[in-house]
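Below are my comments on the model, as numbered points. Please read them with the coordinates open.

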Amino acid sequence: MKLFTSLLNLALILFLSLPAQAQEEIGKAAIEEIKLQAINDTAFALRTTNQTGNLIKYSGPLALRINGQVQELSFTEGEARFSLPQQAELVQVSANLGTHTLARLYSLDAAEASGLRQLPMWLSILPPLIAIVLALIFREVLLALFAGIWVGGFVIYGLSFQSIFTGLLAVGDTYLMEALTDRDHVSVIIFSMLIGGMVAIISKNGGMAGVVNLLSRYARSAKSSQLVTWALGVAIFFDDYANTLIVGNTMRPVTDGHRISREKLAYLVDSTAAPVAAIAFVTTWIGAELGYIKDAATSLGINEGAYSLFFHSLEYAYYPVLTLVFMLLLIFMNRDYGAMHKAEVRARTTGAVSAVRLDRKGEEKQQQEMAEFEPIDPERTRAINALLPVLVVIFGTLAGLLYTGYSQEVWADENAGLLRKLSVTIGDSNSYVSLIWASLSGVLVAVLLTVSQRVMSLTETMESLIVGFKTMLPAVLILVLAWSLAAVTQELYTAEYLTSLFSGNISPRFLPEITFFLAAAIAFSTGSSWGTMAILYPLMLPAAWYVCQQQGYLLEETMPIIYNVISVVLAGAVFGDHCSPISDTTILSSLASGCNHIDHVKTQLPYAITVALVANLVCTNLSSWGVHWLLVYLIGGLILGGLVWFFGKRNEVEVVHAAKAA
C-alpha cells in the first residue's frame with residue numbers, strides 16, 4: 001500500500017510539472033518580438049511579445065547580446081531587467097531564438113512614451129555601404145570614407161535635422177580623435193611612416209637600385225619577376241603589414257622594368273600578405289586566433305586544446321591556400337582575365353604600368369616626386385645599403401616578437417616542442433611594439449650606412465627621411481578615416497545586423513558555407529579581418545556546436561564541422577578584407593605598390609571572388625561530405641587551373657633586358 005501511495009504521489013508530481021515545462025517551451029517558441037522600456041539612462045526593462053504587441057509570459061533564462069556583450073537574463077512572466085555600465089547613444093539587443101534571431105536598435109528619446117526610439121537595423125549597414133559605393137563611383141577614397149562617417153554620425157545622433165550637424169562635428173571631435181588616440185592605430189602609423197622614410201633613404205643612397213640590379217639576375221622576365229614577388233611575399237610570413245610594405249616597395253622598380261602593371265603587383269603583394277600570415281604557425285595573427293578559439297572551446301567544454309583545434313582547421317583553409325596556388329597558376333600560365341588582363345595588356349604594349357592618366361601639371365609633379373627617389377649618385381648603387389636595413393626590419397621584428405612574448409614557463413615546458421614554444425611566444429607578443437622597434441632600427445641603419453659612406457650628408461639624409469614621411473601621408477589619412485568608419489560600424493552594431501540575417505533552422509553541413517559568407521560580408525563592410533574574427537568566433541563556434549547537438553551528431557561527427565567553422569571564419573574574413581576598399585591592408589598594398597587604390601580593388605575583386613567561390617562552394621561542400629582534405633585541395637587547384645585556362649587570355653611577352661629593367 002505504501003509503495004502504491006508513493007508511486008501515485010510521484011505520478012501526480014510529474015503530471016503537475018508537465019504543464020509548466022510545456023508552457024516554458026511553448027512560451028519561448030512563441031516569442032516574436034522583444035520590446036525595450038527605459039527606466040533611466042542606464043537601466044532598462046525587456047518584455048517578450050508577439051507581433052501584435054501582446055505579452056508572451058515566458059519564464060526562464062534567455063541568452064541575449066546587449067551592446068555587443070553576451071548576457072543571460074532570467075525572465076519572469078515575460079519581463080526582465082538589465083543595466084548598462086554607462087550611458088550610450090544607442091542600445092542594441094539581439095536574441096537567438098533557435099528558429100530565428102531578433103536584432104533591434106534603439107536610441108534614447110525622452111519624447112517617446114517608452115523613453116526609446118526604435119531604429120531600423122538596416123541603417124547600420126548604410127555608412128560602410130555609402131563609403132564603398134562612393135569610392136567605386138568617384139574614385140575618391142578620402143571623400144567616400146568621410147561621407148560614410150558623417151552618415152553614421154547622423155544615424156547615431158538621432159536622425160534629426162540637428163543630428164546632421166552633430167554628426168558632421170562628431171567626425172572630427174569623436175571618431176577621428178578616437179582613431180588617433182588608439183595605441184595600436186598610432187603604432188601602425190609610426191611603423192608605416194618609418195618604413196616610408198627608410199625606403200626614401202635607401203632609394204636615394206642607391207641601395208634600392210642595387211637591389212633591383214641584384215634581383216634582375218633572377219627576375220629576367222615578366223614571369224620570373226612575378227614569381228620572385230610571390231616568393232618574397234611567402235617568405236615574409238610573420239606579419240601582413242611588414243610583408244606588404246617591404247615586398248611592394250622592393251619589387252616595384254623590378255616589375256616596372258618588365259612592364260608588369262601596378263595593378264598586378266598590388267594583387268601579388270596583397271594576396272601573399274594576409275593569407276600567409278593567417279595560416280602560418282608563427283605569426284602576429286596566431287595569438288588573437290588562439291585566444292578566440294580557446295575562449296569558445298572552454299565555454300563549450302571541448303577538451304581539445306586551442307593549438308590543436310587551429311592545427312586541424314588548416315585542413316579546411318581552402319581560401320588562403322588556394323589564393324596562393326591561384327597566383328602561381330596565373331604566373332606560370334601567363335594568363336589573366338577581366339580588368340587585370342586589360343591592365344597587363346596596357347602595361348606590356350604601351351609601358352604605362354599605371355592606369356592613372358595625368359595632365360601636364362600632374363606629370364611634372366609625378367616626375368618631381370620620382371626624382372626625390374632617384375639615386376643621388378647613379379654610379380654608387382650598392383645593394384647592401386638597402387638589403388641590410390630591410391633585413392634589420394625583418395629579423396628585428398622576429399626578435400621583437402620573441403622578446404615581448406617570452407615566458408619562462410613556456411620555454412621550461414619539456415613536453416612542448418620547439419614549434420609549439422615559438423607559436424605560443426609569438427602569439428603572446430606585442431606585434432605593434434616589435435614593428436616600431438624594427439622599423440626604427442632599420443631607419444637608423446640606413447642613416448648610418450648613408451652617412452658613413454659619404455653618399456649623402458646628414459642634412460641630406462634627414463631631408464630624404466622627411467620626403468619618405470610625406471609619401472606616406474595620403475595612406476595614413478585613408479587609414480585614419482577607415483578606422484573611424486570601423487568605429488562607426490561598431491557603434492551601429494553592423495555585425496549584429498548581418499549575423500541576424502543568417503539565422504534559422506539549418507543543417508550543420510551548411511554552417512561552414514554560411515559562416516564564410518557572413519564573415520566575408522562583415523569584413524567587407526567593416527574593412528577589418530581582425531574585427532570579424534573577434535565578432536564571429538564567439539558567435540559561430542557555439543552555434544555550430546549546439547546545432548550539431550540538436551541534430552544528434554556524435555562527437556566524431558561534430559568536430560570536423562567545428563574545425564571547418566574555425567577555418568572559414570578566418571578565410572571569410574581574409575576574403576572580405578581583400579575585396580573591401582576600406583581595408584587597411586588593401587590600402588597599404590596600393591600604397592606600397594604605387595597603384596591607384598580603386599584600380600587595385602577593381603582588378604583584385606574578380607580574382608578573389610573566383611577563388612572564394614571554388615573554395616567555398618566546391619571544396620567546403622566536398623569536405624562536409626567526408627572527402628579527404630588532400631583530395632579536396634587537389635580538386636580545387638585543378639578547377640582553378642581550368643578556369644584560368646578557359647577564361648584567361650595570354651599576355652603579350654615583352655622582352656626587357658636586365659639593364660633596362662634597372
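1. L159 sits in the loop that joins α3 (141-156) to α4 (161-181). In this predicted model, the residue has a phi of about 55°, positive although L159 is not a glycine. Most residues other than glycine have a negative phi.

2. A second case is E77, in the loop between β4 and β5 (79-83). Its phi is near 55°, again a positive value in a residue other than glycine. With a relative accessibility of 41%, E77 is classed as partly exposed.

3. On confidence, the mean pLDDT of the protein is 79, and 84% of the residues reach 70 or more. Two stretches deserve a remark. Over residues 12-24 the pLDDT is below 50, and this stretch makes four contacts in the model beyond near neighbours in sequence. Residues 655-662 also have pLDDT below 50, with 13 contacts beyond near neighbours in sequence. Where pLDDT is low, the predicted coordinates should not be read in detail.

4. For the overall content, the protein has 28 helices and 10 strands. Of its 662 residues, 53% are buried. Among contacts with a separation of 6 or more, 73% link residues 24 or more positions apart. The protein exposes about 29600 Å², and carbon and sulfur atoms supply 62% of that area.

5. Which strands form the open sheet, and in what order? The order is β4-β3-β6-β7-β8, five strands with antiparallel pairing. β4 (69-75) and β8 (116-119) are the edge strands; each has a single partner, so one side of each is left without a neighbour in the sheet. From one strand to the next, the twist averages 35°.

6. The pairing can be followed strand by strand. β3 (residues 60-66) pairs with β4 in the antiparallel sense over seven bridges, and A63 has E72 of β4 as its bridge partner. β6 and β7 (residues 101-108) pair in the antiparallel sense over seven bridges, and V93 has R104 of β7 as its bridge partner.

7. How many of the seven residues of strand β6 (residues 90-96) are buried? Six are, and the strand is mostly covered.

8. In soluble globular proteins, nonpolar side chains tend to be buried together. The largest nonpolar core of this model has 70 residues, and those touching the most other members are Y267, Y318, Y319, L322, F326, Y537 and F575. Helix α24 (residues 555-579) gives the most to this core, with 14 residues. Leaving aside neighbours within four places in sequence, F575 is in contact with Y319, F516, A520, A608, I609 and A612.

9. There is also a second, separate core of 40 residues. Its members include I189, L215, I246 and L435.

Note on methods: Residues numbered from 1 in each chain as written. Predicted model: local features only at pLDDT ≥ 70, side-chain atom pairs only at ≥ 80, totals over all residues. Heavy atoms only, no water. pLDDT = per-residue confidence, 0-100. Contact = heavy atoms within 4.5 Å. Pairing = 2+ DSSP bridges. Helix = DSSP H or I, 4+ residues; strand = E, 2+ residues; numbered from the N terminus. Axes fitted to C-alpha atoms, helices over the stretch in contact; angles between N-to-C directions. Buried < 20%, exposed > 50% of the residue type's maximum accessible area, 1.4 Å probe, protein only. Areas by Shrake-Rupley, 256 points an atom, 1.4 Å probe, with all protein chains shown as cover. Core = buried A, V, L, I, M, F, W, Y, C linked by side-chain atoms within 4.5 Å.
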